[in-house]
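Here is a short report for a reader who is new to this structure. It starts with the terms and then goes from the overall form to the details.

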Amino acid sequence: MKEVLITSGTSFEGYDIVGYGTYKFTQTILNSNFLKDFGTSIADIATDRRDIYQEKIDEILNETINNFTDMVRETKYNAVVGFRTGVEEYTNNVTAVVASGTLVNIKEQYKSEFDKSSFIRNEIYVRNYYDLLVPRASKVVLASEGKGTKISVWFNNYNNDDIKALKAELQFTNIYGDNITLPDVDFTFDKTNLKLLKSDYVECKLPDKYIKMISSVKVYIKKYVKASGVYEIDADSIGIEMSDVKFKALKLKKGIDAVANYKSDGLVWTCNCGHVNEGGAEECVICGRKQDEMKNSITFNYEPMLEEMKTKEYVIEIKDVLMKYIKDIDTGMRMQLLEIMESGLNYEKSRGSMKDSVIEKVENLFLGL
Ligand SMILES: [Zn+2]
């Protein structure tokens with residue numbers, strides 16, 4: 001049976017009115033004795049009769065609304081706006097219950113794939129990169145509306161190239177540690193010449209029930225097409241070994257293309273994009289990040305302290321190590337470190353050793369993550 005939506009207002013949330021029909025009404029005439037059964041007129045009905053009267057009217061009202069809805073169903077319209085009901089008293093004791101409204105056609109508003117609650121979605125940062133001035137796959141989005149899995153890959157386009165298409169092999173690892181490979185996936189782009197390219201969604205054979213089980217992905221670029229020709233990457237990609245927590249923190253703080261922590265030995269410096277630059281270079285030759293902006297202002301050499309912390313078993317002992325070093329640590333960080341210890345100690349009471357999580361938090365703090 002055709003569904004008919006009815007409102008007393010002028011619109012429906014989540015729908016657009018795409019066509020207006022005519023104003024319609026239906027009425028149910030009550031027999032002339034109807035009011036006599038209750039009294040002389042509606043106004044005169046005594047309060048003790050009102051309930052019975054109301055019940056009868058409600059029943060007739062429902063019937064009238066049903067008739068109205070049935071009438072709409074027979075038409076090419078699927079909704080009614082400005083819907084009204086009322087009791088009309090005509091002359092000669094003829095009373096009618098009336099339902100009226102304007103017929104319209106409505107259509108569900110377009111919802112982007114991202115707005116749909118039924119949408120399964122998983123975004124995974126890419127676990128490999130090429131240390132070259134080529135498109136860098138940084139994120140893979142897997143999504144399904146229940147009609148098969150679609151993939152979009154985000155590329156950092158450092159060179160602002162006019163990338164028209166890109167062929168890549170995607171290697172997924174699921175939470176069991178099994179690999180699933182999709183060879184030769186062709187990506188196209190709606191908008192190009194952007195610093196961040198988001199590919200169009202491509203259908204793939206990965207069943208949608210696996211979307212949530214994918215934990216990591218590597219993207220091997222086979223070929224890409226620019227206005228000036230077809231290119232291949234003449235180098236191996238570099239895998240990124242880093243805990244998930246640290247990897248996500250790095251992406252959040254340093255950008256989705258970040259794959260490494262900044263470090264410098266004076267002669268060369270490693271950029272967040274993973275490229276090792278000459279000590280004198282102010283800017284990274286791949287991603288353009290400025291060395292000055294990446295430099296950590298922390299002077300305390302935290303690595304020996306971390307090593308010592310790792311030899312301990314419980315937060316209470318780790319805190320002792322911290323207290324040994326604390327006078328040398330930059331004052332701005334002391335409070336945060338003590339807070340990490342306090343919360344670790346608290347959790348440890350109920351959850352067992354919090355050693356790993358506390359050490360990770362300390363390390364992230366020094367790395368500026
Ligand atoms: Zn860089």
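Two strands pair if DSSP finds at least two bridges between them. Strands (E, at least two residues) and helices (H or I, at least four residues) are DSSP runs, numbered from the N terminus. This is a predicted model: local features need pLDDT of at least 70, side-chain atom pairs count only at pLDDT 80 or more, and totals for chains, interfaces and linings use all residues. Residues are numbered from 1 along each chain as its sequence is written.

**Overall form**

The protein has eight helices and 18 strands. Its radius of gyration is 34 Å, well over the 21 Å that the globule rule gives for 369 residues, so the protein is more spread out than a compact globule. That radius is taken over C-alpha atoms, and the globule rule is 2.2 Å times the number of residues to the power 0.38. Along the principal axes, the C-alpha trace spans about 105 × 60 × 40 Å.

The protein is divided into domain 1 (5-108), domain 2 (116-240) and domain 3 (303-367). These bounds come from an automatic or database domain assignment. The C-alpha centres of domain 2 and domain 3 lie 38 Å apart.

Of the 369 residues, 22% count as buried. A residue is buried if 20 or more other C-beta atoms lie within 10 Å of its own, with C-beta atoms placed from the backbone.

**Strand pairing**

Strand 1 (residues 5-6) runs parallel to strand 3 (residues 79-89), and two bridges join them. Here Leu 5 stands opposite Ala 79. Strand 3 also pairs with strand 4 (residues 95-108), antiparallel, through nine bridges. In that pair, Val 81 stands opposite Thr 102.

Four strands form an open sheet in the order 10-9-13-14, with antiparallel pairing. Strand 10 (179-188) and strand 14 are the edge strands, each pairing on one side only. The twist averages 25° from one strand to the next; axes are lines fitted to C-alpha atoms, and angles run from 0 to 180 degrees between N-to-C directions.

| Strand pair | Bridges | Sense |
|---|---|---|
| Strand 9 and strand 10 | Eight bridges | Antiparallel |
| Strand 9 (residues 165-174) and strand 13 (residues 214-226) | Ten bridges | Antiparallel |
| Strand 13 and strand 14 (residues 229-231) | Three bridges | Antiparallel |

Some partners can be named. Gln 171 stands opposite Thr 181 in strand 10. Phe 172 has Val 217 of strand 13 as its bridge partner. Val 225 is bridged to Val 230 in strand 14. Strands 13 and 14 form a hairpin, with two residues between them.

**Nonpolar cores**

A nonpolar core is a set of buried Ala, Val, Leu, Ile, Met, Phe, Trp, Tyr and Cys residues joined through C-beta atoms within 7 Å. The largest has 32 residues. Those with the most contacts inside it are Ala 137, Val 140, Val 153, Ala 168, Val 219 and Ile 221. Strand 7 (136-144), strand 8 (149-156), strand 9 and strand 13 each supply at least two residues of this core.

Which residues does Ala 137 touch, not counting those up to four places away in sequence? They are Val 126, Val 153, Phe 155, Ala 168, Val 219 and Ile 221. Two residues are in contact if their C-beta atoms, placed from the backbone, lie within 7 Å. A second, separate core of 13 residues includes Tyr 302, Met 309, Ile 340 and Met 354.

Conventions. Buried ≥ 20, exposed ≤ 12 C-beta atoms within 10 Å, placed from the backbone.
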